[in-house]
Amino acid sequence: MPDTALHDWNLAPKEAIALQKRLAGRVEREDRLDTVRHLAGVDIGFEQDGAITRAAVVVLAWPPEAEGAFTVVERVVHREPTRMPYVPGLLSFREVPAALGAFEKLTTRPQLAMVDGQGIAHPRRIGVASHLGLWLDLPTIGVAKTRLCGRHDEPGPARGDWVPLVDGPEDETIGAVLRSRAKVKPIFVSPGHRVSLHTALDWVVACLGRTKLPEPTRLADRLASRRDFKKGE
DNA sequence: GCGACAG
DNA sequence: ATCTTGTCGC
């Protein structure tokens with residue numbers, strides 16, 4: 001819970017970067033996931049040519065009934081006018097406000113959340129997953145479909161194979177490139193807040209079904225991009 | 001100066 | 001992110 005009063009989500013790039021540098025120091029990476037009973041998936045989509053930001057949060061019961069078979073406990077959608085354009089490295093300022101709106105509508109309080117985007121695998125080590133986790137004081141894991149920064153080798157071909165994602169002059173490990181499904185481009189997993197890379201990988205692998213994305217993020221994706229039918233808005 | 005660049 | 005046809009595989 002950063003200094004709320006001082007956090008403006010409509011900052012100019014220069015100020016946004018300065019804020020990220022300050023907040024990055026508060027991002028923790030410990031393991032405090034003993035009693036997880038509810039796991040959330042978070043993703044943001046857009047409507048009306050980007051004019052409306054649509055945040056979706058799906059809460060799943062842990063553990064699953066079977067491999068990749070989770071029980072959906074709650075699903076919420078929050079829409080609001082888009083406030084910022086997309087700028088690589090400053091995604092949080094565009095998506096987090098809407099995500100917070102969705103969390104406010106939530107009846108359940110998850111103990112862990114997987115967010116579509118990077119965690120600390122970010123130039124200043126504070127991607128959307130980390131920023132959201134810091135703000136909600138909630139353990140989070142970043143699950144991105146493509147790379148933002150860092151270097152890596154090609155992970156093995158088998159599901160579960162992974163290689164470290166490193167960055168900086170000293171090859172600091174900032175995440176992992178995981179083959180979540182055979183024959184498919186790997187995903188980028190990184191610690192968000194209060195989670196280590198090892199723990200992040202364990203959770204993501206444990207949530208994999210037969211698809212490329214882990215269930216939490218996959219379901220949130222569908223709801224955010226209204227590819228989800230059933231209930232919802 | 002020339003690329004790279006989450007969603 | 002979003003748009004959009006066809007195609008491949010379980």
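Guide: Let's start at W9, which counts as buried because its relative accessibility is 10%. Buried here means under 20% relative accessible area, exposed means over 50%, and partly exposed is in between, with a 1.4 Å probe and protein chains only. Please keep in mind that this is a predicted model, where local features need pLDDT of at least 70, side-chain atom pairs count only at pLDDT 80 or more, and totals for chains, interfaces and linings use all residues; side-chain values use heavy atoms, with hydrogens and water left out. Residues are numbered from 1 along each chain as its sequence is written, while chains are lettered from A and ligands numbered from 1 in the order in which they are written.

Now look for the partner of W9. The whole structure holds four aromatic pairs. In one of them, W9 and W135 have ring centres 5.4 Å apart and planes at 65°, so this pair is edge-to-face. (Rings of Phe, Tyr and Trp, the last with its six-membered ring, pair if their centres lie within 6.5 Å; planes under 30 degrees apart are stacked, over 60 edge-to-face, and the rest tilted.) The two partners come from distant parts of the chain, 126 residues apart: W9 sits in the segment before helix 1 (13-24), and W135 belongs to helix 3 (residues 128-136). Helices (H or I, at least four residues) and strands (E, at least two) are DSSP runs numbered from the N terminus. W135 counts as buried too, because its relative accessibility is 16%. A further ring joins in, as ring pairs link W9, F93 and W135 into a cluster.

From W135, follow helix 3. Nine of its nine residues are buried, so helix 3 is largely enclosed by the rest of the structure. Among the buried ones are V128, H131, L134 and L136. Which elements cover them? Helix 1, strand 1, helix 2, strand 4, strand 5 (140-144) and strand 8 are included in the cover. Just after helix 3, D137 takes a positive phi of about 55°.

In soluble globular proteins, nonpolar side chains tend to be buried together. The largest nonpolar core in this model has 35 residues, and V42, V57, F93, L100, F103 and L132 touch the most other members. Such a core is a set of buried Ala, Val, Leu, Ile, Met, Phe, Trp, Tyr and Cys residues joined through side-chain atoms within 4.5 Å. Two or more residues come from each of helix 1, strand 1 (38-47), strand 2 (52-61), helix 2 (92-105), strand 4 (112-116) and helix 3. Helix 2 gives the most, with seven residues. L100 brings us back to where we began: leaving out residues up to four places away in sequence, L100 touches W9, L132, W135 and L136. Contact means heavy atoms within 4.5 Å. Another core, of 28 residues, lies apart from the largest one, and M114, V189, A200 and A224 are among its members.

Strand 8 (residues 187-193), part of the cover over helix 3, contains S190. With 0% relative accessibility, S190 counts as buried. Its side chain reaches the backbone nitrogen of G119 at 2.7 Å. That is a polar contact: a pair of N or O atoms within 3.5 Å where, within protein, one must be able to donate a hydrogen and the other to accept it, and residues adjacent in sequence count only if both atoms are side-chain atoms. Beyond four places away in sequence, the residues that S190 touches include I120, I141 and I174.

To finish, step out to the DNA. Around DNA strand B there are 18 residues, and the closest are Y86, G89, K145, T146 and R147. A residue is near a strand if one of its heavy atoms lies within 4 Å of it.
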